[in-house]
Amino acid sequence: MLKVEALESAYGDSRILFGIELAVAAGEAVTLIGRNGMGKTTTVKSIFGLLKPTAGRVLIDGDDLTGQPPHRIAQHGLGLVPEGRQIFPTLTVEENLVATRRSRDGGKAGRWTLEEVYRLFPRLKERRRNMGNQISGGEQQMLAIGRALMTNPRLVVLDEATEGLAPLIREEIWACLAAIKQAGAAILVIDKNVEALSRFADRHVVIEKGRVAWEGTTADLIATPEIKDRFLHV
Amino acid sequence: MSASEAADRPVDQVRTPAKRGRLFGPGRTLAAIVIFAGLALLPLVANLIGDPFLVVTATRIMVFALAALSLDLLIGFGAMVSFGHAAFLGIGAYAVAILASHGVEDILVQTVVAVAAASLFAFVTGAISLKTKGVYFIMITLAFGQMAYFFMVSLSAYGGDDGITLDRRSTLLGSRLLSDDIALFYALLVVLVLAYLGLTRLIGSRFGRVIRGTRENPARMQAIGFEPFRYQLTAYVIAGAIAAVAGVFLANQAEFVSPAYMSWQRSGELIVMVVVGGMGTLIGPVAGAIAFLILEDWLAAFSEHWKLGLGVLLILLVLFGRGGLAGLAGRLTGGGRA
Amino acid sequence: MSTPLLSIHDLRKSFGALKVTDGVTLDVPAGELHAVIGPNGAGKTTLIHQLSGNLASDSGTIHFDREKVSGLTMPERVKRGMARSFQITSILSGFTVLENAAMAVQARSGSSFRFFGRAGAERRLNEEAMSALDRVGLADRADRRASSLSHGEKRQLEMAIALATGAKLLLLDEPLAGTGHEESAALVALIAALKETHTIVLIEHDMEAVFQLADRVSVLVYGRVIATGSPEAVRSDPQVRAAYLGDETEAA
């Protein structure tokens with residue numbers, strides 16, 4: 001449902017992306033991996049219109065939405081869980097969740113309601129009256145994911161899903177991502193731990209220096225162990 | 001590269017003249033020559049058309065041209081927007097008035113005292129103000145200007161709010177030469193031209209480069225080993241000193257000195273002259289002062305709400321006339337900024 | 001055993017509760033190219049800021065050429081021979097390329113409280129500036145306005161300016177940032193050439209470049225150095241592996 005063709009992006013004349021090709025089918029989970037500074041976040045920003053690409057196309061369900069403002073992208077069914085979570089600190093957990101909620105088009109009740117999100121993240125229910133900045137990092141990440149889910153997206157994009165979180169929380173979040181995929185949403189996730197991601201991810205895309213350096217299924221990845229060392233490790 | 005190729009490149013990429021390394025293109029020099037030559041001939045013209053008052057008006061205009069010139073060093077080249085520059089005009093003027101009231105009438109002595117007093121004031125207030133940046137700098141210079149204003153208002157010994165009237169103009173080495181309007185006019189013109197030439201030189205000097213570099217990118221300047229503060233303070237003192245000299249002539253031209261010379265409105269007018277004329281061009285602010293004061297007189301003849309008209313003109317200029325008068329002249333003559 | 005040119009001891013810096021530099025200790029001998037790498041948020045740029053003098057540390061010391069520099073301002077450190085380049089290009093856009101370099105030479109060539117001589121005509125400043133430009137390959141761009149350079153050329157200019165300060169130690173903050181393949185290769189070649197005459201601390205994400213250039217590598221994670229050594233040693237260090245690959249199980 002998402003197709004990225006020959007995408008190029010820059011910050012002023014600092015060029016970061018040199019022709020990214022990427023595709024995510026409905027219901028598919030794809031990882032975007034690679035070392036820092038290689039262009040993963042820039043790719044996400046370019047898809048969402050937070051950074052206007054200098055060349056290439058972003059197609060959602062066949063519609064060309066390259067460089068459209070972020071709210072348009074969101075209206076087409078993409079939900080972003082940004083790097084650094086970006087919780088609204090002056091709203092409570094519950095307010096954070098409902099502030100941007102949206103049902104599916106056609107007025108049909110979306111899969112993700114407040115109750116459903118609370119079922120996925122019971123901890124958020126416990127803390128629902130806490131202010132956004134009065135919860136732990138892990139809880140904030142869950143909140144950010146829940147908030148994106150409340151817009152009932154068809155594709156959830158996570159930029160650094162588990163960075164800086166304790167191991168147990170990370171496991172929880174990966175389990176939740178698997179559940180989200182089960183519920184029918186497609187996922188595009190940036191994260192470091194390829195093994196954990198492989199439990200639910202269908203395909204992996206390696207970004208190096210602004211280009212796709214490798215692409216393949218989880219099976220392919222397991223068959224070529226040097227990929228990890230070459231592109232992810234030092 | 002052929003001429004047509006060069007023409008197709010964006011202005012940015014056109015080579016800057018390497019050999020001369022000029023900061024000021026030929027257009028600016030031409031404008032300066034025209035303006036100063038015009039001023040030099042003005043008394044003759046005044047005589048011809050039988051309007052001696054023209055010389056008096058022009059003298060007053062040159063006072064502000066000199067003050068605006070000094071302010072351009074700060075605003076145009078140093079990115080230091082001082083909203084208290086009129087204080088230095090006032091210091092210069094009061095130096096004349098106060099010394100004269102104590103029997104010291106020689107203009108050279110008065111100028112030395114004026115410059116010394118202004119430099120001290122600039123050093124102290126500048127040292128404090130330059131610890132701040134941006135809007136805060138503007139506010140603090142405004143505050144210091146007001147301080148000077150209210151100080152003189154409260155000094156009833158020297159006229160306070162009413163100001164002091166001078167019995168006569170300063171003497172020059174014992175003679176009463178400057179009592180003649182035309183003599184005063186030419187004396188000031190010489191000073192103005194010297195200041196213009198001096199500042200032009202200054203801008204291209206080592207010191208000038210540091211000031212310009214600091215305006216452009218202070219972080220970069222520090223990263224190559226320059227402490228911006230001491231250079232900025234020096235520029236601040238130089239500008240204040242020059243404005244004080246303008247004040248000396250102001251006192252002589254008007255034969256009257258009052259705290260109003262130091263008001264924030266006056267400081268604001270100086271900023272307008274610099275911006276309207278074209279910041280960072282030196283000759284622009286001179287033209288700006290001329291334009292502003294002529295317009296002021298002219299519009300005042302129409303109505304007592306002339307300030308409204310001036311305001312509208314200013315807004316239009318700021319919105320549509322990039323680079324002020326100098327920028328406009330530059331575009332009309334087909335040259336860009338060198 | 002000669003004293004290292006740059007010696008960092010237990011450097012600490014916090015922003016509120018966040019420990020950005022958490023006890024960094026590091027020695028860089030003269031002539032070495034020492035790369036500092038690490039995942040996002042590791043505090044690499046903050047470290048460079050503390051070394052160059054952009055940011056004051058909370059505690060810890062920095063010694064350069066046997067002298068304690070931790071309390072000195074940035075211009076003072078530059079005078080002693082430590083120069084930096086910026087991750088986001090920071091040049092004098094309105095000046096020519098030559099003037100950019102000449103300013104750096106001027107800073108160390110006598111007083112700049114000279115008001116009348118034309119600085120642009122000073123032969124010695126221009127010659128030394130040209131030789132810095134020559135070293136980075138920008139000599140033919142000397143008369144152009146700095147703003148008209150391509151991105152890669154601007155990165156080269158950043159380095160020329162650092163060279164023109166006459167520094168012994170270069171602190172390079174992601175010099176390859178935002179460059180394409182060719183520009184990147186050119187810059188790597190340039191840095192390799194500079195290695196012969198300078199000591200360099202290099203922050204980079206481009207691992208190929210790091211492995212080509214670095215004599216030693218330090219890995220910074222959450223403000224601490226978790227490994228220092230030759231590039232190969234660092235690569236095989238299990239803690240580094242864990243940090244990069246997120247393998248919690250492998251962390252000792």
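A residue counts as buried if 20 or more other C-beta atoms lie within 10 Å of its own, as exposed if 12 or fewer do, and as partly exposed in between, with C-beta atoms placed from the backbone.

First, the ground rules. This is a predicted model, where local features need pLDDT of at least 70 and side-chain atom pairs count only at pLDDT 80 or more, while totals for chains, interfaces and linings use all residues. Residues are numbered from 1 along each chain as its sequence is written, and chains are lettered from A and ligands numbered from 1 in the order in which they are written.

Now chain A. It has 10 helices and 10 strands. These are DSSP runs, H or I of at least four residues for helices and E of at least two for strands, numbered from the N terminus. Of its 234 residues, 44% are buried. Its radius of gyration, taken over C-alpha atoms, is compared with a globule rule of 2.2 Å times the number of residues to the power 0.38. Chain A has 17 Å, which agrees with the value near 17 Å for a compact globule of 234 residues. Its C-alpha atoms fill a box of roughly 45 × 35 × 30 Å along the principal axes.

Back to Phe200(A). Where is Phe200(A) found? In the loop between α8 (194-198) and β9 (203-208) of chain A. Why is Phe200(A) partly exposed? Because 19 other C-beta atoms lie within 10 Å. Contact means C-beta atoms, placed from the backbone, within 7 Å. Not counting residues up to four places away in sequence, Phe200(A) touches Ala29(A), Leu177(A), Ala178(A) and Lys181(A).

Next, the interfaces. Two pairs of chains are in contact, and chains B and C share the most contacts. Chains A and B have none; their closest C-alpha atoms lie 15 Å apart. Between B and C, 26 residues of chain B are in contact with 32 residues of chain C. On the chain B side, α7 (181-204), α8 (206-216) and α9 (218-224) each supply at least two residues. The largest share, six residues, comes from α8(B).

Last, the core. A nonpolar core is a set of buried Ala, Val, Leu, Ile, Met, Phe, Trp, Tyr and Cys residues joined through C-beta atoms within 7 Å. The largest has 245 residues, and Ala65(B) and Ala101(C) are among those with the most contacts inside it. Leaving aside neighbours within four places in sequence, Ala65(B) is in contact with Leu192(B), Val286(B), Ala289(B) and Ile290(B).
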